[in-house]
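Hi,

Here is the structure I promised to pass on.

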Amino acid sequence: MKGIITWALVVSALSLPTLAQAALPAETQVYSAGFIDAAGPVAAAQFEHFQTIISLMLIVVVPIFILVPWVLWRYRRGGRGAYRPDWDFNWGNEAVLWGVPIVLIIILSSALWAHTHKYDPYRPLGNDPLDIEVVSLDWKFLFIYPQQGIATLDYLALEQDRPIRLKLTSGTVMQSFMIPQLAGQIYTMAGMTTQLNLLADQEGEYLGRNTQYNGDGFATQSFRTAVMPKSQFDNWVIHTQKNTQTLDLATYEALLKPSIEHVPRYYGTVDAGLFNRVLARFTAGHAHADSTPAEVSQIREHHHPQNNPKGAEQ
Amino acid sequence: MSWETIFGQLGWDSLVFTGAIKHPSASEFVAFGAGSIVVLGAVAVVVLLTVMRWWGPLWRDWLTSVDHKKIGIMYIVIALVMFLRALIEAGVMRSQQLAAYDSAGYLSADHFGQLFTTHGTIMIFFVAMPFITGLMNYVMPLQIGARDVSFPLLNAISLMLTAAGAGLIMVSLVVGEFSTGGWSGYPPFTGIEFSPGEGVDYWIWSVTLASIGSTLTGLNFAVTLYKKRCPGMDMFRMPLFCWTTLCTSILMIFAMAPLTVATIMLALDRYAGFHFFTNGDGGNMMNFANLFWLFGHPEVYILLLPALGVWSEVVSTFVGKRIYGYTSLVYATMCIAVLSFGVWLHHFFTMGQSANVNAIFGIATMIIGIPTGVKVYDWILTMFRGRIRITTPMLFHINFLLTFVLGGMTGILLANPTVDFQVHNSLFLIAHFHNMIIPGVLFGMFAAVQYWFPKAFGFRLHEGWGKAAFWSLAPGFLLAFFPLYWLGMNGAPRRTVMWADPAFYPWLALAMLGAVLLLVGTVFLLVQIGVSIRQRRQLAVPLGDPWDGRSLEWSIPSPPPAWNFAVVPQVDGRDAFTEAKKNGQAYRSPAAYSDIEMPCNSMVAPLIGIFTFTLSFALVWHIWWLVVVSFIVVWGVVIARSFVAQTNEIIPASRIEAEHEAFLAAARATPGVTRDLEMSPQNRGKAAPDRLGQPGQKRPDDVLESAI
Ligand code: HEM
Ligand SMILES: [Cu+2]
C-alpha cells in the first residue's frame, strides 16, 4: 500500500515537466473538443440547453451553499441560535420545500419536452440533405455516400451549411457514433438502423469517434470530419470518384477483420445496396448477403418493427 | 481420463504468473503483482489463523453464526477488503491514463478493460452492496427492538453467496482473465462471438451469486420490518434508517430479479448457443440493455437510500434535536423508491427510440429530483435550531450536503436527452455517478462506521484520525472527479486506455492527485481502527450510549448481547430512547425476565457458500463433473437441513437477568457525561442531560426566533 502511494506521488510529480512539453501545438492532429466549441447549430443548442438548466438549477443549489454555512455557524454548539430540540415541523416550510422544487421541475420539464423534440436526432434539418450511410466496424468507421457513389474509411467529408442525414448500422458489436462539435451521439447496432441529422456551419476539421467500448482498439477509434464549402466538397467528390479502389462485398469482408487504422481509405466506386446487405447479414434465416435491398428492408421491418421507429421514410 | 475431463478448460497458461514469464511486459508484471498479492494474502491469512489457533473460533463464532450482528460485521469486512482492491485498481487506471498521453502507457488495452470492469463490478456488487447490507443487518433489528431478523439462517446464506461471488472475483486475479465488457456487460460484445474467453463467465457468475444473495436479503429484511417490530413501534415511529431499509429491501426484491434473468440469459447465449442477445439469428441486445437497467437504476437507489437513512440518524443525533419533517422524509423516501422503477431508459436515450419516449423518461427522471431536494432541505432544517457538534460523521454529512446537490444538478443535466446525447459515455457521466456514490454512499458508510462502531465493539474510534481521514477524503474526491466533468464536456470518452489531447493533461494530473488523497484517506481510516484498538481502554463505552443517542440501539450495552434486548422493549413514540432518558425511564430494571429462544449456529450457510463457489468456478472453466457434484451438494445441504429438528436453543432467564442487572447497575452507578466531554475518556457510554437547552437558559434572540 505504502509503495503504491509513494509511487503514485512520484508519478504526479513527474507529470509537471511533461506538461510544458505536452502544451506544444501539434499541427496535423485534430483534437477532441466538446459541445462547448460547437461548430453547428445542433451542438450549439445542446450547449445552450445545458447552460439554461444550470442557471435554473441554481435556484435550489445556491440557497444550500448559503444556508448550510449560516446554520452551521449560528447553531454550532456554543453558538447564538436558539435551541429547540423538539421543533420538527412547520406547514409553511413544508409548502416551500415541496412547492419550489415542483415548480422548478415543471419549468425544466417543459424545456426538456420542447428541446427533446426540437433536437431529436431523427428530425430532418432541412431540404435536400446529404445522405451518408455509416457502418461501424472494429475499430473504424465506414462512410458510404450513396448519391455520389463513393465511400471512405475513417474520414468524413461534409458540405458546409447543408443538412446531413446519417443512416447508421454496425457490422459488429454495438457502438456509439459521435462528432461532439456537431451533434450528439447515437448507437449503431447490427441488423438495425439508427439515424442522426446534423448540420455544420463552420468550416474546419473536427474529431468524431466511437464512445461505446468495443475492445482493444476502442481508445483510438476516431476519424477526421472535414467540413468544407460546397465547391470544395464537390471537388473532393470528383477527386474521390477517380479513385480506383472499389468497395464491394469482398472488400467489406476484409474490413470486418478487427484492425486499428491509422490512415483513411477512399473508394471511388461502391457496390449499390451494400449498406442493406450489411444489414441483411443479421436477419435470421431469411435474407443473406445476396438478397436484394427491397427484400431486406421488408424482412427487417417485419422482424424488428421497433428498431426503426421512423421507418416510414424508407 | 483426459485433462479436459478433469480440469475443463483450465490449463497452466491460465495462471496469471505464466503470462508474465512467457510475454514479459509492464502490463503482465502488474497482473503478476496483483496475482501475487492475492496468493500471498491468502497464505498470510491461513498462517495467521493456524499460528493463533483461530480456525476453531472463526468457524464456531463467526462463519456458522446466524446472529444478525455478526453477519453484519462480516459483510462489512468483505466490503472493506474488496474496497481496497477496487481502490488500488482505480489508482492504477488513473496512473495509466496519466502515463498514456499520446503513447500506450504501461498497461495493455485488454488489461485496462479488465481493470475498469473489475473496479466497477467490485465497487457496486462487492463494496457498496455488502456495506449497506452489513449495516442494515447490524442496525435495523436493534432499532426496531428485535432479537434477530425473521430468517436468520437465510441471512447467513445471503452472506455466504455474496462471499462466494467475492471469492470468485478474487480468484480471477490469479487464474484466467476477467471480462472487459464493463460493469454493465453489454452484449453482443460480451457474447461468445466477441468475448470467447472465460472473462465474461467470471463476471456472469460472480454477479449472479451476489444478485441472488441480495434478493434473499431484501425478502428477509422486508419481512423483518413488517413482522418483528417491538410492541408500540408503529411504522411511523420507526427511525428513518429503518424506513430507508424497508424501501431498499423492496427495491432489492423487485430489482435484482431482472439482473439475474439477464445474466442467466447471457449465460445461455454463451454456454448453450441461445440467441437472446446475439447479433442476428433473432437476438437483440436492446433487450439486455432494458433488463440490465431495469435493475441498474433501482440499484443506485438501493445503495443510496440506506445512506440517506444514515444521514438522518447522524444529523439528528449530533444536532441533539428531533429530525425535521419526519413524515415528509418518509414520503420522500417512498416516492424515490417507487419512481426509481420508472426511469431506466435514461441509460440509453441514445438507442434510437422516439423523442416522445425519451422525453417521458427524461421528465420521470427529473421528478425524482423533487423528493431528493426535499430531503436535503429537511436535513438543513434539522440542524436549524439545533446544537451542532462537528464530529467526524457530521463532517461527512456537511460534505455530503454540499457535494450531493452538485451531483444532483449534473443528474438533472443528464436527465435531459438533449444534453445526454453529448455527455453520455463520457467522463462527465463518470464524474456524475462518482459524485453521487462517493460523498453520498461511500462516505455515508464511513460515517456510519464512525457512528455505530462503538455500539458494535464497545469502544469509540479515535476522533483525530477520523478527522484526518475526512480532510484527506473530501478534497480527494473533489480533485479526483471534478476535473472529469470538464474533460467530459470537452469530448473525453470513458473507458479509454490512452488519449492524445495535450489540453487534458493537467486535468488528468489533478485527478491522479485526488486518487492519491483518496488512498491516503483510506489508509488513515485503517490507521484509525488500529490506533483505536490499541487505545480501546480509554475509548471504551461499555454502557452503550456514547453519543446521547435517540433510538433503541443505544439503550443496550456495547457490544450488545447475542439476544440484543434482555426484555423486548415497549415504545410509545419516536426517538424512544431520548424520551426514556427524559422521563427517567432509562436503565430501569424490568418487572420480570423470561427465557429467550435463539437460533443455533449452523454450518449450512458456509457449506452453501463453499459449494456455490466451486459450482461457479467449475462453470467458468467448464469442469462439468464439479458442476454436477457442487450442485448436488448445495441442494443436498438444503434438504439435510430440513431434517434438523433442533434449530433453536433456550437461554435461561437467570443468565439474562444476571448479565442485564450487572449492566443496569453499572449504568446507574456511572455519572453521565455532557456533550462537552463526548470525546474524552470520561465518556463511558452514558449521557447526562445536556445543560444547553434546559429551561432558564434562554437568550435574547430566543424570543425573536420563537416569533419566526
Ligand atoms: C474512491 C475512489 C474511486 C476512484 C479513484 C474511482 C475511479 C474510477 C475510474 C478511474 C474509473 C474509470 C473511468 C473511465 O471509464 O475512464 C471508474 C469507473 C467506475 N467506478 Fe470508480 N472510482 C472510485 C470509487 C468508486 C465507487 C465507490 C464506486 C461504486 C460504489 C465506483 C464505481 C465505478 C463504476 C461502476 C465504474 C464504471 C466501470 C465501467 O466503466 O464499467 N467507483 N472509477
Ligand atoms: Cu439511472
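Before the details, a word on conventions. This is a predicted model, in which local features need pLDDT of at least 70 and side-chain atom pairs count only at pLDDT 80 or more, while totals for chains, interfaces and linings use all residues. Residues are numbered from 1 along each chain as its sequence is written, chains are lettered from A and ligands numbered from 1 in the order in which they are written, and side-chain values use heavy atoms, with hydrogens and water left out.

**A strand in chain A**

Let's start with strand β10 of chain A, residues 222-228. Of its 7 residues, 5 are buried, so β10(A) is largely enclosed by the rest of the structure. (Buried means under 20% relative accessible area, exposed over 50%, and partly exposed in between, with a 1.4 Å probe and protein chains only. Strands are DSSP runs of E with at least two residues, helices are runs of H or I with at least four, and both are numbered from the N terminus.)

Which strands pair with β10(A)? One is β4 (residues 155-159) of chain A, which runs parallel to β10(A) and is joined to it by 5 bridges. There, Ala157(A) has Ala226(A) as its bridge partner. Another is β9 (residues 204-210) of chain A, antiparallel to β10(A) and joined to it by 6 bridges; in this pairing Gly204(A) stands opposite Val227(A). Two strands count as paired if DSSP finds at least two bridges between them.

**Chain B and its copper ion**

Chain B has 22 helices and 2 strands. Its radius of gyration is 26 Å, close to the 27 Å that the globule rule gives for 708 residues, so chain B is as compact as a globular protein of that length. (The radius is taken over C-alpha atoms, and the rule is 2.2 Å times the number of residues to the power 0.38.) Buried residues make up 63% of the 708, and the C-alpha atoms fill a box of roughly 75 × 65 × 45 Å along the principal axes.

The copper ion (ligand 2) is held by His297(B) through ND1, and by His346(B) and His347(B) through NE2, at 1.7 to 2.0 Å. Along the chain, these donors follow the spacing H-x48-H-H. His297(B) is in helix α10 (residues 285-319), whereas His347(B), 50 residues apart from it, sits in the loop between α11 (326-339) and α12 (355-383), so the pair links distant parts of the chain. Both of these histidines are buried. Donors here are N, O and S atoms within 2.8 Å of the metal (3.2 Å for Na, K and Ca), and water is not among the atoms, so sites may look incomplete.

**A pocket and a cavity**

The second largest pocket has a volume of about 1100 Å³. Its lining has 44 residues, with Val30(B), Ala31(B), Ala34(B), His111(B) and Leu173(B) nearest the centre. α3(B) gives the most to this lining, with 9 residues, and α1 (2-22) of chain A is among the elements that give two or more. By class, the lining has 22 nonpolar, 14 polar and 8 charged residues.

There are also 10 cavities of 30 Å³ or more. The most, 4 residues, come from α10(B).

How these are defined: on a 1 Å grid over the protein atoms alone, a cavity is a set of points where a 1.4 Å probe fits but cannot get out, and a pocket is an open set with protein on both sides within 12 Å along at least five of seven lines; lining residues have an atom within 4 Å of a point. Points are joined across faces, edges and corners, and a volume is the space filled by probe spheres set on them. Ala, Val, Leu, Ile, Met, Phe, Trp, Tyr, Cys and Pro count as nonpolar, Asp, Glu, Lys and Arg as charged, and the others, Gly among them, as polar.

Most peptide bonds are trans, and most residues other than glycine have a negative phi. The bond from Pro187(B) to Pro188(B) is cis, with omega near 0°. Asp128(A) has a positive phi, near 50°, and counts as exposed at 54% relative accessibility.

Cheers
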